Amino acid sequence: MTEMLGQFIRALREADIEVSPAEAIDAYKVAAVFGYGDRRLLHDYLSMLLAKTETEAERFDACFDRFFARTMTPPPPRAASQNPAFLDESDSMDLPDLVKLLLAHDEAGLSQLIEKSAREAGTSSIAVATQRGTFAHRVMIGMGIQEVDALIAKGEDSGDPHAKALAQRLTTARTYLLGMAQARVERDFDLYAAEKATRQLQNRLARISLAAIKPAEVGAVQALCRRMAQRLVKKQRSQRSLAHRGKLDVRRTIRHSLATSGIPFRIEWKRHIVKRQRLVVVCDVSKSVAPYAGLLLLFLHTLHDVFDHVDSFAFSDRLFPIGDLLEKPEAETVIIDVIRRCGLGATDYGRSIRELAIEHKRHISRRTVVLFLGDARTNHGDPALAEFQQIKRACRGVVWLNPEPARDWGTGDSAMEDYRIHCDLVRPCGNLEQLDRAMVDMMRQFPVK
């Protein structure tokens, strides 16, 4: 039982639930006192001890249910008493233990045998999905399936009706046993490898070009963007917490201490007004960024969960407000709606920047950071640098994230170098890792006041 609890704690850690050595020791003490007989009681006490947040509580519940589940496949029909060819007691005495359990349909005995074989096969060390078949085979071998296969082969080749009937029953029971072994391995994969496989996929997606991400991987990218957004939210909340602390207000502290003979029982802090961070985002969805447009919009959709106030615009040849579309929870629908409204046309940076500086200038103030997402390819048109500088003077800062490699900036019709000298921060964002790093740099350069 101690080994079982150790495996469960390992499964919790794989599910991103932090369990310290001290908490693990306390968990062993709880299990020693309450035992494993009442699973609900054990669940409640371990949950209170190990799950520190609502998210961790949800993960704990899912992990506990998977770990202590006894998943079985539908049992084969029990026809022992009705089968005229069923072995008599003298014959059954010579059969291997596994065969006896299968013929008797002893689920408890089979479960115990599978648990023992799974531990010996090391199913908890499974790492990738392709190993599931291999580990299921190891579990079957550990249980002694070779003896069952030998009896099946012998009965099928024999002319004895008695042996043939036994082979038929064992064939059905073997299928049932294989289902139990596969379910046991599947459980361990979900507990110890599924999260790891997901993290490996996300690490790979974070490093490849946004243009190379396949449609089937968009769901994983969306989950990764959500994790990035949550990390940014946590960072911003940390900045707010630091801003709220303030500094010691000596004058007010001394004044209040006069009522207590000069003893400062009441400490006064200088009050800081924490102003909300405002963000104006301008996203290029023209033909030149078609491979990146969908994923840039997906990332833009997550920004609405990070900042208190976001004014979002998209453009090809002219600027369109898209804040109303981004409020929808379904990211895929948002991308389609934005592309349908203003996407994949000829690029006109000059007109879009002028419209932002003149028609939408009410959205820009000294508390606003203006973020451009685009490749800065103007089709050799007017880049509207005068209006761009006007935006720069009116806002707190200008950040430009370009999906193209830095070596391509300023080549061909790219005006990136012209815009760059008027920006406070310029970063490439060709993959999600660069995008995440760029957003962290932006929040570091423009912290919450």
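The model is predicted.

The protein chain contains 20 helices and six strands. Of its 449 residues, 46% are buried. Among contacts with a separation of 6 or more, 73% link residues 24 or more positions apart.

Two packed helices are described by the angle between their axes and the distance between the axes. Helix α1 spans residues 2–14, and helix α4 spans residues 54–67. Their axes lie 10 Å apart, and the packing angle is about 140°. The two helices, α1 and α4, are therefore oblique to each other. The crossing of α1 past α4 is right-handed. On the α1 side, Met4, Gln7, Phe8, Ala11 and Leu12 make the contact. On the α4 side, the contributors are Phe60, Cys63, Phe64 and Phe67. By class, eight of these residues are nonpolar and one is polar. None is charged.

Glu14 also belongs to helix α1. Its relative accessible area is 14%, under the 20% limit, so Glu14 counts as buried. Leaving aside residues up to four places away in sequence, Glu14 touches Leu191, Tyr192, Glu195, Lys196 and Arg199.

Arg184 sits in helix α10, which covers residues 161–192. Arg184 has a relative accessible area of 8% and is therefore buried. The side chains of Arg184 and Asp188 are joined by a polar contact of 2.7 Å. With residues up to four places away in sequence again excluded, Arg184 touches Ile114, Glu115, Ala118 and Thr123.

Backbone geometry was examined next. Most residues other than glycine have a negative phi. Ala376 is not a glycine, yet its phi is positive, at about 60°. This residue, Ala376, is found in the loop between β4 (368–373) and α18 (385–394). His380 is found in the loop between β4 and α18 as well. The phi of His380 is near 60°, again a positive value in a residue other than glycine. Accessibility separates the two residues. Ala376 has a relative accessible area of 0% and is therefore buried. His380 has a relative accessibility of 66%, over the 50% limit, so His380 counts as exposed.

How values were computed:
Residues numbered from 1 in each chain as written. Predicted model: local features only at pLDDT ≥ 70, side-chain atom pairs only at ≥ 80, totals over all residues. Heavy atoms only, no water. Axes fitted to C-alpha atoms, helices over the stretch in contact; angles between N-to-C directions. Helix = DSSP H or I, 4+ residues; strand = E, 2+ residues; numbered from the N terminus. Parallel < 35°, antiparallel > 145°, perpendicular 65-115°, else oblique. Left-handed = near helix turned anticlockwise from the far one by under 90°. Contact = heavy atoms within 4.5 Å. Nonpolar A, V, L, I, M, F, W, Y, C, P; charged D, E, K, R; others polar. Buried < 20%, exposed > 50% of the residue type's maximum accessible area, 1.4 Å probe, protein only. Polar contact = N/O pair within 3.5 Å; in protein donor to acceptor, adjacent residues only side chain to side chain.
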